[in-house]
Every structure is written in structure tokens, then in C-alpha cells.
Amino acid sequence: MNSSDVTKVKRLAERLGARDSDVIRFAVKLMLSRLAPLYDNTSHGTNLLPVFVECGPEFVRFFDLDAAKLESIINRNAPSELTVEPEDLALLAMTGSTEPYAALRLGELRSDTYSAQATTDRRDPLRNYFYDKYVFRAVASHTEDDDVAGFAGVTPASGEA
């Protein structure tokens with residue numbers, strides 16, 4: 001944390017009528033809950049995708065995650081039915097560095113190889129692409145009796161389905 005961050009924490013604490021440590025504790029707990037699948041050693045493949053989609057390009061950019069690193073993090077030890085395609089990992093990595101190029105590539109993927117089935121929010125096409133392809137597909141293909149770990153129980157963080 002730099003001095004600007006400390007100032008922001010102090011301003012938040014003052015506005016909330018709380019201690020600085022309460023603001024920091026909240027931020028850490030919030031971050032840990034959003035990143036929970038990453039510290040769960042049983043989560044692999046598509047089960048990890050919501051972390052990267054919901055945290056957005058800032059997360060990819062901050063940790064300098066390229067397609068190879070994402071492949072290692074997301075698909076390592078993942079069963080074949082839960083793997084994320086390499087072109088989608090590259091698309092995810094592009095969002096952290098060149099969002100206009102990622103948007104162009106997304107347009108190509110949508111029109112050439114994938115037709116969205118359940119897109120409900122046009123404000124974030126990349127998020128919709130990943131949820132349509134990996135989340136909603138998993139929900140549609142698995143019954144309640146399936147014991148395959150998938151996205152069936154995941155709700156997008158913004159409350160939109």
C-alpha cells in the first residue's frame with residue numbers, strides 16, 4: 001500500500017464511522033471471498049473461470065497474467081470436461097492488456113464459432129460470452145443428480161444471471 005491508499009482507507013473509515021483496521025479487514029475478506037476458488041485445491045478448469053471474469057481486466061493486468069499463466073492456473077489438473085479452451089484463455093489474457101483487440105477477437109469468436117444462447121446483459125459482452133459458453137452450458141447439460149463439479153451453483157457476482 002502506498003500513501004494514497006492509506007489516505008483512501010482513512011477517508012472510507014471516517015465516512016463510515018469505523019476504524020481504519022475495519023476497512024482493511026473488510027477489503028481483505030471481500031477479496032478472499034471473491035478469490036475463494038483459487039485457494040481451493042479442488043477447483044479446476046471452468047470452476048475457476050468466474051474469478052477471472054468477475055474480477056475483470058484489472059486482475060489480469062495487476063498480476064500480469066498471460067495466456068500461458070492462465071492455462072497453468074485454470075486448466076492444470078482439470079478433467080477434460082472442465083477445461084477452458086486455449087483461445088478463450090488468450091481472449092481473457094487480452095482483456096488485461098488490449099481491451100479493444102479483445103473486443104474485436106470476441107466479435108470474431110461469437111460470429112464464427114459460437115452463438116450465444118442465454119445472453120441477458122449487453123453491457124459486458126466478454127462476461128456474457130464466458131458465462132454463456134461455460135456457465136449456462138454447464139447448467140443446461142447437467143442434471144441435479146450429476147456429481148460433476150461445474151458452474152451449476154455459481155451465481156454471477158453482480159446478481160445478474
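In the classification applied here, Ala, Val, Leu, Ile, Met, Phe, Trp, Tyr, Cys and Pro count as nonpolar, Asp, Glu, Lys and Arg as charged, and the remaining residues, Gly among them, as polar. On this basis, the lining of the largest pocket in the predicted model comprises 17 nonpolar residues, five charged residues and no polar ones. The space within this pocket amounts to about 750 Å³. Its lining is formed by 22 residues, of which A27, V28, L30, M31 and F62 lie closest to the pocket centre. Two or more lining residues are given by each of α1 (3-16), α2 (20-34) and α4 (49-62). The greatest contribution to the lining is that of α2, which provides nine residues.

The overall architecture is helical. Eight helices and zero strands are assigned to the chain, giving the pattern α-α-α-α-α-α-α-α when read along the sequence. The chain has 161 residues, and 34% of them count as buried. Among contacts between residues at least 6 apart in sequence, 48% join residues that are at least 24 apart.

The largest nonpolar core contains 23 residues, and those with the most contacts inside it are L49, F52, F59, L70, I74, L92 and F130. At least two residues of this core are supplied by each of α4, α5 (67-75), α6 (86-95) and α8 (125-141). The largest share, seven residues, is that of α4. In soluble globular proteins, nonpolar side chains tend to be buried together.

When neighbours within four places in sequence are set aside, F59 is in contact with L35, L38, V51, F52 and L65. Of these partners, F52 is itself listed with F59 among the core residues having the most contacts.

T42 is located in the loop between α3 (36-39) and α4. Its relative accessible area is 61%, and T42 is therefore classed as exposed, the threshold being over 50%. The side chain of T42 is joined to that of D40 by a polar contact of 2.6 Å. T42 and N77 are 35 residues apart along the chain, and their C-alpha atoms are separated by 9.2 Å.

N77 belongs to the loop between α5 and α6. Its phi is near 65 degrees, a positive value in a residue other than glycine. The relative accessibility of N77 is 62%, so this residue also counts as exposed. A positive phi, of about 50 degrees, is likewise found at D64, which is not a glycine. D64 is placed in the loop between α4 and α5 and counts as exposed because its relative accessibility is 56%.

Terms used:
Residues are numbered from 1 along each chain as its sequence is written. This is a predicted model: local features need pLDDT of at least 70, side-chain atom pairs count only at pLDDT 80 or more; totals for chains, interfaces and linings use all residues. Side-chain values use heavy atoms; hydrogens and water are left out. On a 1 Å grid over the protein atoms alone, a cavity is a set of points where a 1.4 Å probe fits but cannot get out, and a pocket is an open set with protein on both sides within 12 Å along at least five of seven lines; lining residues have an atom within 4 Å of a point. Grid points are joined across faces, edges and corners, and a volume is the space filled by probe spheres set on the points. Helices (H or I, at least four residues) and strands (E, at least two) are DSSP runs, numbered from the N terminus. A nonpolar core is a set of buried Ala, Val, Leu, Ile, Met, Phe, Trp, Tyr and Cys residues joined through side-chain atoms within 4.5 Å. Buried means under 20% relative accessible area, exposed over 50%, partly exposed in between (1.4 Å probe, protein chains only). Contact means heavy atoms within 4.5 Å. A polar contact is a pair of N or O atoms within 3.5 Å; within protein, one must be able to donate a hydrogen and the other to accept it, and residues adjacent in sequence count only if both atoms are side-chain atoms.
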